[in-house]
Amino acid sequence: MAVADAENPLLGETTCGSLLQKLQQIWDEVGENDEERDKMLLQLEQECLDVYKRKVDQAVKSRAHLLQALADAQLELSHLLSALGEKSFVGIPDKTSGTIKEQLAAIAPMLEQLWKQKEERVKEFSDVQSQIQRICGEIAGNSSLSEVPAVDEADLSLKKLDEFQGRLQELQKEKSERLHKVLDFVSTVHDLCAVLGMDFFSTVTDVHPSLNDSTGVQSKSISNDTLSRLAKTVLALKEDKKQRLRKLQELATQLIDLWNLMDTPDEERSLFDHVTCNISASVDEVTIPGALALDLIEQAEVEVERLDQLKASRMKEIAFKRQAELEEIFARAHIEIDPEVARAKIMVLIDSGDIEPSELLADMDNQIARAKEEAFSRRDILDKVEKWMSACEEESWLEDYNRDENRYNSSRGAHLNLKRAEKARILVNKIPALVDTLVAKTRAWEEEHGIPFAYDGVPLLAMLDEYAMLRHDREEEKRRMRDHKKFHEQLNTEQEAIFGSRPSPGRPVGPKKVVGPRANGGGANGTPGRRLSLNANQNGARSTSKDGKRDNTRPVAPVNYVAISKEDATSHVSGTDPEPFSP
């Protein structure tokens, strides 16, 4: 072996064989005898054995240490699994498989993982127990606990952790409910203080300093004492709100009564809308900030006192305003009354003091209400009267238009007159039906109310009857005029047949000028030369202006009642002026 090592030494590497070979060469050069050589070789061999023995001892000690470390690791693994409540752990190596180092290498990551898991579990336990301790302190009203709860590391099982977490959830739920109650109470106190005009911060901090808005929600006190004091504060504020609302409603009622009594304008009333708006509101409906403030109530009290002092001096003015309103309603409804007598009666009642001002105004309000009801019942008939009068006015205009010989000339506005004439003819044709409807409605109204329907003091049925009579006379006159025209045309035809005459060329044939006065003026057209008995001097045919005064410019019924048709307008030729004939 030594010879082989000597013959094939590794280049640049010293081996036992090369050293032995070199030693033999030295011995050969020196001439060392075999006995010395054997002695020295034995010595070398003994030294090699000592080295091997030391190495073996070291290996034995190392193995013992590894085995102890493996046992400790296995024991630690068992303790960790027990503390964590784990019956088994995935990946635990078999005790008999692999070398000691392989077993240690396999168990080391598991131990590291379990230690990490234990640290996390201890942290979870500590967090849960700290939260439990803090919430218990908040509920008890002692939130200054600073001790960190001790964690039992011998039992870190999930079951134990679930128990703590269940307890924590119960406490958190209780805290949430308490916090919700506290916030509800604080919100109610805020709303009540806003309505009552009180300082919210001073009110709520008197209960507990943590209840103001500067602290977070989670920092607010939820103790039993805080909840109890908040409940008492809310009850006291609600009672105060109820008392103030009752007082304000009484003042608002007095204000409205005084305003109605003195006919106070809306502009002045609007200054106290914030008082009267809650006159019929319940306690829960009053939510506007400052609606029940003390200064507002004092302001209303001062106004009531001022109006009481002003009431006596304005009674006549107020009563006459009511009377003016009543007269205006009657005027719009075309009902005649004697305003001077009514005003004199009011003066007598006020000056005598026999009636309370409120009773007088209430009686006048009742009269106004009844007048409005009567006006409403007459409205449909009055609307149709207005349509009838408007149609008669158009009839009068159409009559004037038909008498105009230049109406078809291409003058400015002629096309507009043509359109108006067409519309007027349609409207005039509807007059008989309108009159019939008006008569029927008037009779039904009179049967229902048991009194005649008067228009500005004149019975409406009398007006309609006279109109129908005049219209009938007018139709008869038109019929006679048509017969007269037919007679003249027949006479002219007979003369032409006998004498063969023709109209004189010196006299142009064209439309004849209408002879005689207007159709409504009497004379040739057969219209009676008189107005209806309901003219301005007899029936007060007046419309009512905005201020309730009479307007005498418009008659109740038009002067002209029947329009001459377009074809009849050219036939109004005098019978004493025949056209000349040539021989």
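Asp483 and Arg479 form a salt bridge in which the closest N and O atoms are 3.4 Å apart. The model is predicted, and the distances and areas below are to be read accordingly.

- Asp483 and Arg479 are four residues apart in helix H16, so about one helical turn separates them.
- Asp483 has a relative accessible area of 38% and is therefore partly exposed.
- Arg479 is likewise partly exposed, at 38% relative accessibility.
- Glu477 forms a salt bridge with Arg480, and the closest N and O atoms of this pair are 2.4 Å apart.
- Because Glu477 and Arg480 are three residues apart in helix H16 (residues 460-499), about one helical turn lies between them.
- Glu477 is buried, with a relative accessible area of 9%, whereas Arg480 is partly exposed, with a relative accessible area of 43%.
- Side chains of opposite charge can pair when their charged atoms come close.

- A salt bridge joins the side chains of Arg306 and Glu303, with an N to O distance of 2.7 Å.
- Both residues belong to helix H10 (residues 294-311), where Arg306 and Glu303 are three residues apart, about one turn of the helix.
- Arg306 counts as partly exposed, at 36% relative accessibility, whereas Glu303 counts as buried, at 10%.
- Across the whole structure, a search finds 19 salt bridges.

- Arg37 is located in helix H3, which covers residues 34-83.
- The relative accessibility of Arg37 is 16%; the residue counts as buried because this value is under the 20% cut-off.
- A polar atom of the Arg37 side chain lies 3.2 Å from the backbone oxygen of Glu32.
- When neighbours within four places in sequence are left aside, Arg37 is in contact with Gln24, Trp27, Asp28 and Glu32.

**Overall fold and surface**

- The secondary structure of the protein consists of 17 helices and four strands.
- Of the 583 residues of the protein, 32% count as buried.
- Among contacts between residues at least 6 apart in sequence, 73% join residues at least 24 apart.
- The protein exposes about 36,400 Å², of which carbon and sulfur atoms supply 53%.

**Confidence of the model**

- The mean pLDDT of the protein is 76, and 79% of the residues reach 70 or more.
- Confidence is highest in helix H7 (residues 224-262), at a mean of 90, and lowest in helix H17 (residues 566-569), at a mean of 36.
- Over residues 1-11, pLDDT stays under 50, and the model has six contacts beyond four places in sequence for this segment.
- Over residues 502-583, pLDDT also stays under 50, and the model has 167 contacts beyond four places in sequence for this segment.
- Where pLDDT is low, the predicted coordinates should not be read in detail.

Notes. Residues are numbered from 1 along each chain as its sequence is written. This is a predicted model: local features need pLDDT of at least 70, side-chain atom pairs count only at pLDDT 80 or more; totals for chains, interfaces and linings use all residues. Side-chain values use heavy atoms; hydrogens and water are left out. pLDDT is the predictor's confidence in each residue, from 0 to 100. Helices (H or I, at least four residues) and strands (E, at least two) are DSSP runs, numbered from the N terminus. Contact means heavy atoms within 4.5 Å. Buried means under 20% relative accessible area, exposed over 50%, partly exposed in between (1.4 Å probe, protein chains only). A polar contact is a pair of N or O atoms within 3.5 Å; within protein, one must be able to donate a hydrogen and the other to accept it, and residues adjacent in sequence count only if both atoms are side-chain atoms. A salt bridge is a side-chain nitrogen of Lys or Arg within 4 Å of a carboxyl oxygen of Asp or Glu. Accessible areas come from the Shrake-Rupley method with a 1.4 Å probe; for residues, only the protein chains shown count as cover.
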